[in-house]
Amino acid sequence: MTTDSRPLAISAPEPRSLELIFAGDALSLLHAKYRLVEADPENIAGLGDEVLGEARYIIGQPPLSRETLDRMRQLRCILNVESNLINNMPYEVLFERGIHVVTTGQVFAEPVAEIGLGFALSLARGIVDADLDFREGRELWGGDGNARARLVSGSDIGIVGFGDLGKALNRVLSGFRANVRVFDPWMPPSILREHGVQPAGLDEVLAGSDFVFVVASVTSENKGFLGAEAFAKMRKGAAFILLSRADVVDFDALMAAVASGHIVAASDVYPEEPLGPDHPVRKLKGFIRSAHRAGALDSAFKKMGDMVLEDMDLMDRGLPPMRCKRAERETVSRMRSKPVTRN
């Protein structure tokens, strides 16, 4: 029987590591305030009743059974540091027992929004292609190099999804005086208007935008909902920018729409990652590619650790978590995002 009175936390942060998400001082504070038990995420049940019975927190998102949770009578919170709420635990049991499930995913909103703006500017002004042409000695000077260029400023912009990432994107676009329409069936129109954007249907967003940003989570209702019909509704020459999860689009249809010259596109995510060396998107003209790196900044990872420590401190004092985002009873079971791979 231990005489150490510090709260016990199970550490199972795969695909992250504690060293990735906690800066040096923060990691020292974590070890000073808590008894950490390192665990294989796939075998939490094997820790034994003494550990499970005392655990107050889980840092990570390991698969949990109802039987394992029954042995964890002191558990107060599961702190998901992967970013996606994965359908690998009985959320109904957690909600019934008042156990918080929180995610640190909002740390990625600002860096992903910024790279999304970069994609839009590059597609609008042909920055990537112009650089490649320059390297090969076939650059076009002055106005000759701007035949298809357009401005982001004053343009019509559509955003599909308005969670943390959609809001961050709207903030980084605020200086461009754009007309922003948003489609998000989970968001009341009044909240959208409070953020200075126009609520709109999906068809209106697609057909009425020069730039369409897709930042929606994958759910049981929207998997693959943007296909050939959706891309055909877009303005000729419009830009489609995919920042959230590839499963919300029919990726073959997206590539076909770009290959036909109807739209241009950029994506940070793909149906399978990493992509095979012969995947056709690698050589597709009019498509900017990024290897799922939009949010993977060290500064973002370290914010995760700070948020986890702040919320654990609140709960130690009998208060609810406030820095991380809480899973909602009505929507968590609808999430269908794939787990990320190790960074």
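## The second largest pocket

By class, the lining of the second largest pocket consists of 18 nonpolar, seven polar and twelve charged residues, where Ala, Val, Leu, Ile, Met, Phe, Trp, Tyr, Cys and Pro count as nonpolar, Asp, Glu, Lys and Arg as charged, and the others, Gly among them, as polar. The model is a predicted one, in which local features need pLDDT of at least 70 and side-chain atom pairs count only at pLDDT 80 or more, while totals for chains, interfaces and linings use all residues. Residues are numbered from 1 along each chain as its sequence is written, and side-chain values use heavy atoms, with hydrogens and water left out.

The volume of this second largest pocket is about 1100 Å³. Of the 37 residues that line the second largest pocket, Leu 123, Gly 126, Asp 129, Arg 148 and Lys 285 are the closest to its centre. Two or more lining residues come from each of helix H6 (109-125), helix H7 (127-135) and strand S12 (287-289), and H7 gives the most, with six residues. Helices (H or I, at least four residues) and strands (E, at least two) are DSSP runs, numbered from the N terminus. On a 1 Å grid over the protein atoms alone, a pocket is an open set of points with protein on both sides within 12 Å along at least five of seven lines, a cavity is a set where a 1.4 Å probe fits but cannot get out, and lining residues have an atom within 4 Å of a point. Grid points are joined across faces, edges and corners, and a volume is the space filled by probe spheres set on the points.

## The cavity

The structure holds one cavity of 30 Å³ or more, and about 40 Å³ of space lies in the largest cavity. Its lining has six nonpolar, four polar and no charged residues, including Gly 60, Gln 61, Ile 78 and Tyr 91.

Leaving aside neighbours within four places in sequence, Leu 243 is in contact (heavy atoms within 4.5 Å) with Val 112, Ile 115, Gly 116, Phe 119, Leu 165, Phe 213, Val 214 and Val 215.
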